[in-house]
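Here are my notes on the model you sent over. Have the structure open while you read, and pick out the chains as they come up.

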Amino acid sequence: MGNIVLKQVVKRFGEAEVIPPLDLEINDGEFVVFVGPSGCGKSTLLRLIAGLEDVTEGTIEIDGKEVTYAPPAQRGLAMVFQSYALYPHMSVRKNIAFPLKMAGVAQEEIDKKVEHAASILNLANYIDKRPGNLSGGQRQRVAIGRAIVREPSAFLFDEPLSNLDASLRVNMRQEITDLHRELDTTMVYVTHDQVEAMTMADKIVVLHAGVIEQVGSPLELYREPRNRFVAGFIGSPKMNFIEGPAAEKHKAHSIGVRPEHFEVVKKGGDFKGVVLSAEHLGSDTFLRVKMDDGQEILARGSGDVVVNYGDTVALKVEGKIYKFDDQGLAI
Amino acid sequence: MATDHSKRLARWMLAPSVVALLIWMIVPLAATIYYSLFRYNIQRPDTFEFWGFKNYSYFVTDPAFWISLMNTSLIVFGVIIISIVGGTLLGILMNKEFYGRGIARLMVIGPFFIMPSVAALIWKHMFMNSENGLFAIMSKLVGAEPILFLNDYPLASIIVIVAWQWLAFATLILLTALQSLDQEQMEAAEMDGASALSRFRYLTVPHLMRPITIIILIETIFLLAIFAEIFVTTSGGPGNASTNLPWIIYKVGRQSFDAGGAAAGGIIAVVFANIFAIILMKVLGKNLDG
Amino acid sequence: MARSTTTKQKIGWTIIVWTIALAIFFPVIWTFLTSFKTEGEAIANPPVFFNFDWNLDNYKIILAGEANYPKSLMNSIIIALGSTLLGLVFAVPAAWSMAFQPGRWTKDILMAMLGTKMMPAVGVLMPIYLFLVWIDLLDSRIALVVILMMMNLPIIIWMLYTYFKEIPKDILEASRMDGASLRGEILYVLVPMAIPGIASTMLLNIILAWNEAFWTIILTTTSAKPLSAFMVEFSTKQGLFYAQLSAASVMAIAPILIMGWFSQKQLVSGLTFGAVK
């Protein structure tokens with residue numbers, strides 16, 4: 001079981017309200033990702049669930065039991081920190097055994113569980129080394145191992161991949177997803193990287209200034225963003241926002257078009273402008289286009305589009321046009 | 001940033017130290033102020049009576065007090081100047097490439113670790129003694145009259161002994177600071193056409209301002225309280241020529257058994273130290289930021 | 001990368017720096033040499049440097065204890081270690097608290113603690129002396145242990161604080177998530193990780209306590225006298241015995257000199273409250 005319910009949770013640091021009243025329900029077995037720009041309160045929210053910070057108001061329930069004021073260790077959760085937070089003076093084996101030792105588990109049992117975790121995560125080769133002698137990816141696995149042995153009702157991940165290099169990050173992303181499938185345990189994952197959110201999550205929670213902007217599956221958020229913030233945050237490269245007469249034509253304050261929804265055409269098209277830069281990646285071509293009214297658009301064309309700096313191009317929208325009112329809400 | 005529970009714990013963990021230090025500060029200080037207002041000779045407890053500020057007026061009208069104030073300042077300034085100037089030069093020298101760097105470094109910083117009473121003893125007997133001290137022997141060898149260091153130049157001799165120890169301290173700190181100087185920055189400046197002298201002036205000196213400030217602050221604390229060196233060498237003499245503030249208070253308290261007078265002197269020393277500290281912070285405080 | 005110096009330059013610097021270094025350290029070298037001489041050789045004119053009959057007689061005389069040297073040595077060890085350990089008992093929790101659970105007043109408390117160091121010892125001499133007379137603890141080791149502990153407590157707390165600050169908070173939080181109690185957190189995680197810092201804090205404190213020469217001189221007469229106070233008296237009674245004086249001095253300074261040399265790097269950051277590393 002691993003069902004987490006936050007009711008009217010508020011967090012203030014002194015005067016500053018980091019999280020205004022917030023409700024959230026995380027279902028058992030779900031992979032939930034909190035995503036948002038830095039300073040949006042996503043890590044604070046995770047730490048509230050972990051019990052590393054006190055909530056100012058509201059309640060937190062785990063598996064139907066109120067734990068609002070319970071110390072971290074009694075919440076049955078395990079956490080993987082951004083810095084991995086391994087104990088540098090202990091071997092990998094001792095690191096993983098530490099939570100069991102603290103819980104007073106018998107040595108025999110500890111050994112068995114550590115072996116099991118090590119085999120799941122392929123740690124056997126360096127089980128007696130200290131964290132200082134391990135690579136980033138290996139440390140990451142140890143941190144996960146330490147979390148697994150507690151058999152928590154939910155795992156909490158605080159930006160666990162941000163200290164890894166790009167290629168390793170892709171691998172670890174896959175491994176964590178596989179692990180989730182294998183263990184079938186609730187996972188709450190914090191990241192600022194929307195790609196991680198899109199690829200891993202069952203459910204994404206988009207946070208902005210402590211407020212939940214939208215909750216939904218990755219494709220829901222991509223297809224039906226509730227407002228300009230979510231529309232701009234989800235999807236890469238970012239959605240283009242266009243204001244002025246072009247937007248008024250659609251009876252909106254602003255309209256949004258994703259770069260991948262443009263097509264470069266010879267004639268006609270919906271927008272026209274001068275190419276500021278053209279990045280030919282082979283598979284795709286990214287064009288930065290300056291329109292006559294000065295607004296810039298980023299468009300993704302196919303790999304065989306041949307345009308260069310200074311050329312005039314026409315762009316046709318081949319997909320959805322998102323419309324927003326003057327409050328930024330989707331119409 | 002943490003939970004109420006851990007914050008409460010944290011306060012309890014901090015409390016013993018804070019309370020102990022508060023007691024250590026306030027109770028004796030209050031008692032000193034109290035005693036300073038009474039006529040109180042330890043050997044004649046029956047004479048205990050309220051005297052108001054008489055202890056203070058006796059203390060400050062004693063010519064020895066003003067000499068001691070002067071001497072205290074001379075020791076502080078003298079030693080600080082010697083150790084900063086010498087320490088900077090030595091630090092730069094020790095930072096050069098040469099053979100046996102580690103051992104030379106150990107020798108230069110060695111004096112700092114020698115207990116003050118022993119340092120004073122060694123200098124007094126083995127070097128400055130007018131009969132058998134090494135300086136006297138050397139003088140006789142070249143046919144010169146031995147210098148009576150502790151008689152004729154008592155304060156200067158004490159300053160030399162104390163400076164010997166604190167020069168080592170300043171060198172240790174400044175050398176460490178110099179080693180953390182960014183070499184790339186130096187090379188960039190060289191590429192920009194800065195001469196060795198202007199590199200020193202515009203890069204090295206600013207880099208050393210913070211450690212120098214700290215050296216001055218720390219040395220001041222210790223130098224205002226120089227005691228063992230005087231006890232061992234001159235006992236404040238001849239006359240009052242090498243008497244400083246701690247010594248005169250010690251003399252009044254432990255030798256004349258005048259607890260009231262010593263307490264008044266103690267309060268004056270506290271005020272003096274604080275004036276010193278305030279001036280220092282005003283002049284140097286900005287070097288400590290950042 | 002620094003440019004390499006030519007061999008010629010290097011030899012030049014070697015001569016200059018070694019001359020200065022030897023001159024600065026000469027008093028210690030001379031004392032060391034003299035401690036192996038006879039009293040006659042110690043004041044020979046012209047002075048003898050190495051060509052004398054090396055012997056250990058002075059050390060034997062001193063350690064035989066005629067002047068109570070061994071007892072003072074013991075006192076020094078007890079007082080230096082005692083005040084250091086007692087200081088750690090107070091300082092470790094305090095430093096943990098300020099480093100990992102800083103509050104609104106943490107910075108001010110730290111500064112105020114440093115401020116207590118600005119208080120000259122003579123300012124509180126009389127009441128402490130009279131108090132010790134009153135409770136009959138004058139000339140006792142326990143009084144010196146407590147007083148030196150209080151003198152150095154701000155430095156110990158500051159040093160530990162700067163070391164603890166370098167330990168990532170995440171790791172302590174991880175231990176909390178893993179079910180460690182406060183005791184477990186400090187004992188199994190913080191202290192083992194901070195061992196190097198705690199060790200150099202102890203070293204600095206032992207050095208300061210060993211060399212302290214105000215309270216030790218004033219508050220002891222016979223039984224609790226540590227070496228720093230003993231040596232002062234040694235001069236008045238036996239000042240003319242240079243070789244013995246040297247042997248006594250060498251034994252008094254050697255342990256600290258060696259400790260100081262081994263820990264010089266850490267001492268710098270401790271002595272400057274972490275401002276110079």
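The points below go through the interfaces, then chain C, then some details of chain A.

1. First, a caveat. This is a predicted model, and side-chain atom pairs count only at pLDDT 80 or more.

2. Start with chains B and C. Here 94 residues of chain B are in contact with 95 residues of chain C. The two chains bury about 8600 Å² between them, and carbon and sulfur atoms account for 78% of that area. On the chain B side, the residues that lose the most area to chain C are B:Trp24, B:Met107 and B:Phe113. Even so, those three together make up 9% of what that side buries.

3. Which helix gives the largest share of the side of chain B that touches chain C? Look at helix H1 of chain B, residues 4–36, which supplies 19 residues. By residue type, that side of chain B divides into 69 nonpolar, 15 polar and 10 charged.

4. What about polar links between B and C? The rule finds 12 residue pairs in polar contact across this interface, counting pairs with both residues at pLDDT 80 or more. Salt bridges across the interface of chain B and chain C come to 0.

5. Now chains A and B. In this case 6 residues of chain A are in contact with 5 residues of chain B. The buried area between them is about 390 Å², with 50% of it on carbon and sulfur atoms. Three residues, A:Phe13, A:Glu53 and A:Asp54, supply 75% of the area that chain A buries against chain B, more than any other three residues.

6. Still on A and B, how many salt bridges does the rule find across the interface? The count is 0, and there are also 0 residue pairs in polar contact between these chains with both residues at pLDDT 80 or more. The side of chain A that touches chain B is made up of 2 nonpolar, 1 polar and 3 charged residues.

7. A quick word on chain C itself. The C-alpha atoms of chain C fill a box of roughly 70 × 70 × 35 Å along the principal axes.

8. Back in chain A, have a look at the open sheet of 3 strands. Its order is E11-E12-E18, with antiparallel pairing. Strand E11 (240–243) and strand E18 (322–324) are the edge strands, each pairing on one side only. From one strand to the next, the twist averages 25°. Between E11 and strand E12 (residues 254–257) of chain A there are 4 bridges, and A:Ile242 stands opposite A:Ile255 in E12.

9. Finally, salt bridges overall. The count over all chains is 20. One to look at is the pair A:Glu61 and A:Lys7, whose side chains meet at 3.1 Å, N to O. A:Glu61 sits in strand E4 (residues 57–62) of chain A and A:Lys7 in strand E1 (residues 4–13) of chain A, so this pair ties together parts that are 54 residues apart in sequence. As background, side chains of opposite charge can pair when their charged atoms come close.

Note on methods:
Residues are numbered from 1 along each chain as its sequence is written. Chains are lettered from A and ligands numbered from 1 in the order in which they are written. Side-chain values use heavy atoms; hydrogens and water are left out. Contact means heavy atoms within 4.5 Å. Buried area is the accessible area (1.4 Å probe) that two parts lose on being put together, summed over both. A salt bridge is a side-chain nitrogen of Lys or Arg within 4 Å of a carboxyl oxygen of Asp or Glu. A polar contact is a pair of N or O atoms within 3.5 Å; within protein, one must be able to donate a hydrogen and the other to accept it, and residues adjacent in sequence count only if both atoms are side-chain atoms. Ala, Val, Leu, Ile, Met, Phe, Trp, Tyr, Cys and Pro count as nonpolar, Asp, Glu, Lys and Arg as charged, and the others, Gly among them, as polar. Two strands pair if DSSP finds at least two bridges between them. Helices (H or I, at least four residues) and strands (E, at least two) are DSSP runs, numbered from the N terminus. Axes are lines fitted to C-alpha atoms, for helices over the stretch in contact, and angles run from 0 to 180 degrees between N-to-C directions.
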